[in-house]
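Please keep the sequence and the coordinates open while reading.

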Amino acid sequence: MDAKIGKFFDSVGSFFSGGDQIPWCDRDIIAGCEREVAEAGDSNERKSDSIMRLSWALVHSRQPEDVQRGIAMLEDSLVNNTGSPLQQREKLYLLAVGYYRSGAYSRSRQLVEQCLEIAPDWRQALTLKKTIEDKIAKDGVIGIGITATAVGLIAGGIAAALARKK
């Protein structure tokens, strides 16, 4: 019984904390990736790999400005359309993570759908899609709760005002 109660409170806590499974990245890792890009030199393949690692670190950052920088880098590299379908899939996925981190859930879902067109069984993209859909549903439930509370307060205020007039 105690285990069921604990599980219930954990699920409620997870609901309100927005606990997703997407990893975070520290500033130290971002700085290391930036050094790696700077040291890559003229080798296109090495520089491209370094930029992908930096993009990964940026979109997984807790700092909104880092996430925006990562999004810009990934969008730029997608416009140039360089790389294999596997690299395109990775870039789309990282871009979806960036948009998810920045709160643009519908854009994130569109990008995940594009990933799944390239690789329909890709577990990482399927997990992100479920995380996005859960977040959208949770935000909808919270929005409905806030609206219902506001309507209740207004109705209570009107009822109280009418009761005072009598």
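## Helix 3 and its neighbours

The residues of helix 3 that count as buried are Ser50, Leu54, Ser55, Ala57, Leu58 and Val59. These buried residues pack against three other elements, namely helix 2 (27–39), helix 4 (64–80) and helix 5 (85–101). The model is a predicted one, and in it helix 3 runs over residues 44–59, with 16 residues and a reach of 22 Å from its first C-alpha to its last, close to the 22 Å expected at 1.5 Å a residue.

## Overall make-up

The secondary structure comes to seven helices and zero strands, and reading along the sequence gives the pattern α-α-α-α-α-α-α. Of the 166 residues in the protein, 29% are buried.

Where contacts between residues at least 6 apart in sequence are considered, 54% of them join residues at least 24 apart. The protein exposes about 10,700 Å², and carbon and sulfur atoms supply 57% of that area.

## Nonpolar cores

The largest nonpolar core has 24 residues, and those with the most contacts inside it are Tyr93, Leu95, Val112, Ala125 and Leu128. Two or more residues of this core come from each of helix 4, helix 5, helix 6 (105–118) and helix 7, and helix 5 gives the most to it, with eight residues. Apart from this core lies another, of seven residues, among them Ile30, Cys33, Val37 and Ala57; Ala57 is also one of the buried residues of helix 3.

Which residues does leucine 95 touch, not counting residues up to four places away in sequence? With that exclusion, the contacts of leucine 95 are Ile71, Leu74, Glu75, Leu78 and Leu111.

## Tryptophan 122 and its surroundings

Tryptophan 122 is found in the loop between helix 6 and helix 7. Its relative accessibility is 11%, and because buried means under 20% relative accessible area, tryptophan 122 counts as buried. Leaving out residues up to four places away in sequence, tryptophan 122 touches Arg89, Glu90, Tyr93, Cys115 and Leu116, and of these Tyr93 is also among the residues with the most contacts inside the largest nonpolar core.

Tryptophan 122 and arginine 89 are 33 residues apart in sequence, while their C-alpha atoms are 9.9 Å apart in space. The side chain of arginine 89 meets that of glutamate 90 in a salt bridge, at 3.0 Å from N to O. The two partners fall into separate accessibility classes: arginine 89 counts as buried at 14% relative accessibility, whereas glutamate 90, with a relative accessible area of 27%, is partly exposed.

Side chains of opposite charge can pair when their charged atoms come close. By the distance rule applied here, the count comes to seven salt bridges. One of the pairs is formed by the side chains of lysine 129 and glutamate 113, which meet at 2.9 Å from N to O. This pair links distant parts of the chain, with lysine 129 in helix 7 and glutamate 113 in helix 6, 16 residues apart. Both partners count as partly exposed, lysine 129 at 21% relative accessibility and glutamate 113 at 30%.

A further salt bridge joins lysine 130 to aspartate 134, the closest N and O atoms being 3.0 Å apart. Because lysine 130 and aspartate 134 are four residues apart in helix 7, about one helical turn separates them. An α-helix has 3.6 residues a turn, so residues three or four places apart point the same way. Aspartate 134 is partly exposed, with a relative accessible area of 41%. Elsewhere, salt bridges that share partners join Arg27, Glu65 and Asp66 into one network.

Ile154, Ile158 and Leu162 make a nonpolar surface patch of about 300 Å². Isoleucine 154 lies in helix 7, which covers residues 123–165.

Definitions and conventions
Residues are numbered from 1 along each chain as its sequence is written. This is a predicted model: local features need pLDDT of at least 70, side-chain atom pairs count only at pLDDT 80 or more; totals for chains, interfaces and linings use all residues. Side-chain values use heavy atoms; hydrogens and water are left out. Patches are made of residues with over 30% relative accessible area and no salt bridge: like charges are joined within 9 Å, nonpolar side chains (Val, Leu, Ile, Met, Phe, Trp, Tyr) within 5 Å. Accessible areas come from the Shrake-Rupley method with a 1.4 Å probe; for residues, only the protein chains shown count as cover. A salt bridge is a side-chain nitrogen of Lys or Arg within 4 Å of a carboxyl oxygen of Asp or Glu. The expected span of a helix is 1.5 Å times one less than its number of residues. Buried means under 20% relative accessible area, exposed over 50%, partly exposed in between (1.4 Å probe, protein chains only). Contact means heavy atoms within 4.5 Å. A nonpolar core is a set of buried Ala, Val, Leu, Ile, Met, Phe, Trp, Tyr and Cys residues joined through side-chain atoms within 4.5 Å.
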